[in-house]
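Morning, everyone. I'll take the interface first, then the fold of one chain. Here is the model.

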Amino acid sequence: MARKFLFYGALIILMTVAPFVFPAFKTQLATIWLMIIVAMTWDMTGGQMGYNSLGNITFYGTGMYVAALVTIGMVYDVGDYTNAFGGKVYDFSTGQYFSGLIIGCLAAGLFCALTAVIIGYITFGLRGPYFAIGTLGVAIAAGELVSNWDWVGGGQGIALPIYPGDYEVGKVVFYFLFAGTGVVLFLFAKWLYSTRFGAAINAIRDDEEKAEAMGIHTLQYKLATWAMAAFFVGVAGGISAFQLIHFEPLESAYQTINLGIFMVVCVLLGGKGTLWGPVVGAVLFHVFKEVTWNYLLGWQWVALGVLIVVTVVYFQGGVVGWLMQQRPEWFGVQRVVDDTSTEESS
Amino acid sequence: MEQFLVNFGLLIEFPIVNLKIVLDGVMIGALFALAAYGLALVWGVMNVKNLAQGDFVIAGGYVSWWLVEYGLPPLLGVPVAFVVMAGVGWIVYLLIIRPILDRDLFTTLLATFGLAIIMAQLLNLMFGSDTQAVDLGYDTLYFADGFIDVPIAKLIAVLMAMGLALGVIIFMKYSRMGQAIRATAQDARAARVMGINTDRVYAFTWSLNAAICGAAGAIIVMVWVIQPFYGITHSVRSFVIVTAAGLGNLPGVIAAGLGIGALEQYGAHIFGIGYQQAIAVILLLLVLIYRLVQQRRVRQSLQ
């Protein structure tokens, strides 16, 4: 028990001091937290519930847009604002900025949860690969539609006001917004997986027909899980919108083949269906991505594709899955050494 | 919005435009059907959903385009692309597909998606990101006061696509290997018991699929344009066609391919060329929802 407290304490101290110890990497560290958030939310449906979505990026993009539109809409007319695109100066006071940031991100989360319920009602009838392809289709279609919708800025996207006050302080604020959301999400997931609800979604993953036969209302559980995941992705998207300042639909909001796939690779790299897997995977993946982007310029996407293929084909259990096999006692599993049934403990 | 209505009005005002659009769609749809048939093949035989299907098509197109740049006659590019892509397919099978054959479906989806990224990026590094096309230099035929234009190149393309499809069908029906492939699709275990080397059948099926895609790409480069990142749209189209038609339904695949081609041309006419990818994706969603409703009905009848 003491060791556990020591472990979590060290992690909390590390994450608190990180932006001050490495001041040059503040934005990178914030991005790691973003990756952790999207990977953990993906694992809620993909790892714990067995529904592999390729379209969770829809909620990230939608969250960005909702947060931006709420912030702008509280002060100015959205149509005028997006029409003027850079031609006219719109001022935001500090109070307006922060109220927009908080209300916008929460509104983004709630709106995305609602969207998830609606999309899920249609797509959760699809099983296995059809679900993955269907959600991927939803994400691509959403990006295309938004980029052709002039009221929200069309293909040019939206520019938000810059952080009032010192730019560097702003970076730290965004780091802690992401970190705070990430910690809340981690604790929420840890609690959720230990409840009846967690057991129910695991049952859906293992055998949906049997779960239904046992009296679990599978559709309600699936919708609720996806809505929770979408809420956190939406909030993270809202924070990203303020961090990026300017974003446009296809490359930064509904970035289907970037973040939309990265989150899946993070989970697979770390270990699907485990609490720590997405966290470990997100950190490793982001470090790998930044190293290749810096030292293998031109070949970075090829390296990324190779990483995806190698992870999926040859290293399916992920880092945490591999550790679970090697060191089951770290995960609270007692090794039985007396007779032949040693393998069962893992 | 008004522009869409104006475009729609044109269709009713000049009925001959409809004929032109359908003709264009059917000619391009024949090529979609070819790639979709390859997907139906690997899907049915190996249960692998190949998201790199479109990238095989584009790679075949680049093989042909590259040869033409070096002075080869364009029509020869089709058989060469067929052979080259068969080789590429074999290597891909050994490296990526064989280890994941008995894994769950999402694994194959993601692995082939990684493959799609690698292929698109390698093509981009090798040939640049410009759109490329091969000009056959044939005339264009005009009908109905010039409302309908049929380039001879497109007619040749359709004929080649039909010839290739016919060849594959005859091969599947009468050759030993074709029979082995069909037997494996029906029941892999029974096929093994009967002395069929299923591993070789899988390898052959996969490289046959890659070869069909490559040839389709070599034809597409003659009548359309290719670009390293167009692969995903071709993959989505193949999925739409196969999902709409169902597995092992060859006439269905052809009909769906031609239908998708025509629908896309209508969409491009009414909404503009900017919506091309969105139209392909929305068609996919519609087909999936249709399948869903159908499934619900099946489940109801079981109760």
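The contact takes 31 residues from chain A and 32 residues from chain B; two residues are in contact if their C-beta atoms, placed from the backbone, lie within 7 Å. On the side of chain B that touches chain A, the elements giving two or more residues are α5 (105-127) and α12 (276-302) of chain B. Helices are DSSP runs of H or I, at least four residues; strands are runs of E, at least two; both are numbered from the N terminus. α5(B) gives the largest share of that side, 14 residues.

What is that side of chain B made of, by class? It has 24 nonpolar, 6 polar and 2 charged residues. Nonpolar means Ala, Val, Leu, Ile, Met, Phe, Trp, Tyr, Cys and Pro; charged means Asp, Glu, Lys and Arg; the others, Gly among them, are polar.

A word on provenance. This is a predicted model: local features need pLDDT of at least 70, side-chain atom pairs count only at pLDDT 80 or more, and totals for chains, interfaces and linings use all residues. Residues are numbered from 1 along each chain as its sequence is written, while chains are lettered from A and ligands numbered from 1 in the order in which they are written.

Now the fold. Chain B has 12 helices and 2 strands. The order along the sequence is α-α-α-α-α-β-β-α-α-α-α-α-α-α. Its C-alpha trace spans about 65 × 60 × 35 Å along the principal axes. Among contacts in chain B with a separation of 6 or more, 76% join residues 24 or more positions apart.
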